Amino acid sequence: MEGRLISPLSGLSDAKSSPEADSSVLQIWGGHPLQGHVKISGAKNSALVLMAGALLCSEDCRIRNVPMLADVERMSQVLLALGVGVKRDGEVLDINAKDFATSKAPYELVTQLRASFFAIGSILARLGVAQMPLPGGCAIGARPVDLHVRGLQAMGAEVQIEHGICNAYVPGSNRRLKGAKIYLDSPSVGATETLMMAATLADGETLIENAAREPEVVDLANFCKSMGAKIQGAGTSTITIVGVEKLHSTDYTVIPDRIEAGTFLTAGAITRSDLLLSPVVPEHLLPVIAKLREMGVPIIEEGTNSLRIKPADALKAADIETLPHPGFPTDMQAPFMSLMAVADGDSLINETVFENRLRHASELNRLGADIRVKGNIAFIRGVPVLSGAPVIGSDLRAAAALVVAGLAASGLTTIKGLQFLDRGYDRLDLKLLSVGAKIKRVSEAETEADETAPYLAPK
């Protein structure tokens, strides 16, 4: 396979939905109920790490149900820079790392995408040496890589961080990592994934204790097992990996995105709508479904992979504390803040996962919400109605929260910061448009200044 990317996201037929259109804005004319079926895309946080996991295999890997996201394109560019063959056809991604021999990832790409750092485990396992710039991503708080580093060191790697670059190599003639017993100080998803990938080709058995339990960790384990890896316990706090000499070709399908599904559930709840979502894995959404039902929103499981949300008679206040899985997901905190802004009574959100993830509160207040923030706690007093205004998304989930709020706000809401939204939501505006939202993506130059401007459907 040639080392080039075919059909990149920038080649999508609808240029306005391209993640390259960072200067575009979303206009939403709120107050309209939604109706119909929403197709949930593959999970962003799974697809990215599966792409890193494909580096472990020296044969062809086919990954299906890959979402059309800016982050996926960036990860593809990272793999290409490493000399890996990457070919995309719609939602199918073919990766061939047979001839990959470059251990140094490009600084300008890794610093834009945190998930690309996790490839250090795969690179080190395959080549015995890796040079990985420290990661970037959304500015939602400190996410250090010390757990990754200490785990790799426990497996026999020499690791030094200098000038923003993590340099790692495996001493010895065979350059092979050794199995080890690793305890994570916190159940970090990234560290769990990095070390699990590294351990698949290590010599001996690796035990990861206090491991992350997120569905995306289980998906990575299943992906590696489909290539011949020996992994047990994924989805629990203890994961055991017995290293093998090499992995073989696979054809694997990414799980549905539970955060995208949860975002559409909040969009349906705030607009008092009847929406059918599929495919989903209801077990991945248990804390989200439970909290919506507590707020008075009917959620019905239809079949094994579909959820229907029905209009609530009234939205009740509720309290949320974000926690690692199976607790309430931090990625759903922002959309729920929008929903709580129009619920009856006082709600509270305690963000325990990231220390800088409540910046959307001030933007929601611009829409008429009544939210006070103290430290990592947000106090929300429900208001009868939100009103449209210009707002800016500060990170991926914050931008999604503003879209959810805009759907319910009276008048016109204009949202900037779509480069964040396009990192994690597969054509969110087009999906909302398909179920009746009055929404349009335009360039900033086209933005109507008059908030009373009528909605004109996109051509």
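Which residue in S18 does Glu321 stand opposite? Glu321 stands opposite Asn350.

## Basis of the model

This is a predicted model, in which local features need pLDDT of at least 70, side-chain atom pairs count only at pLDDT 80 or more, and totals for chains, interfaces and linings use all residues. Residues are numbered from 1 along each chain as its sequence is written, and side-chain values use heavy atoms, with hydrogens and water left out.

## Sheet S17-S18-S20-S19

Strands (E, at least two residues) and helices (H or I, at least four) are DSSP runs, numbered from the N terminus. Four strands in the order S17-S18-S20-S19 form an open sheet with mixed pairing; two strands pair if DSSP finds at least two bridges between them. Strands S17 (319-321) and S19 (370-374) are the edges, each pairing on one side only. From one strand to the next the twist averages 10°. S17 and S18 (residues 346-350) run parallel and are joined by 3 bridges.

Helix H10 (residues 333-340) lies across S17, S18, S19 and S20 (377-381), at about 170° to S18. Axes here are lines fitted to C-alpha atoms, for helices over the stretch in contact (heavy atoms within 4.5 Å), and angles run from 0 to 180 degrees between N-to-C directions.

Helix H1 (residues 44-53) is largely enclosed by the rest of the structure, because 9 of its 10 residues are buried. Buried means under 20% relative accessible area, with a 1.4 Å probe and protein chains only. Among the buried residues of H1 are Lys44, Ser46 and Gly53.

The axes of H1 and H2 come within 10 Å and cross at roughly 5°. The two helices are therefore roughly parallel, a term for angles under 35 degrees. Lys44, Leu48, Met51 and Ala52 of H1 meet Asp71, Val72, Met75, Ser76 and Leu79 of H2.

## Asn65

Asn65 sits in the loop between strand S3 (60-64) and helix H2 (70-81). Asn65 is buried, with a relative accessible area of 15%. A polar atom of its side chain lies 3.0 Å from the backbone oxygen of Val254. Leaving aside residues up to four places away in sequence, Asn65 touches several residues, including Lys39, Glu91, Thr253 and Pro256.

## Hairpin S4-S5

Strands S4 (residues 85-89) and S5 (residues 92-96) pair in the antiparallel sense over 5 bridges. Val86 has Ile95 in S5 as its bridge partner. The hairpin has 2 residues between the strands, and Gly90 takes a positive phi near 65°.

Technical notes. Buried means under 20% relative accessible area, exposed over 50%, partly exposed in between (1.4 Å probe, protein chains only). A polar contact is a pair of N or O atoms within 3.5 Å; within protein, one must be able to donate a hydrogen and the other to accept it, and residues adjacent in sequence count only if both atoms are side-chain atoms. Angles under 35 degrees count as roughly parallel, over 145 as roughly antiparallel, 65 to 115 as roughly perpendicular and the rest as oblique.
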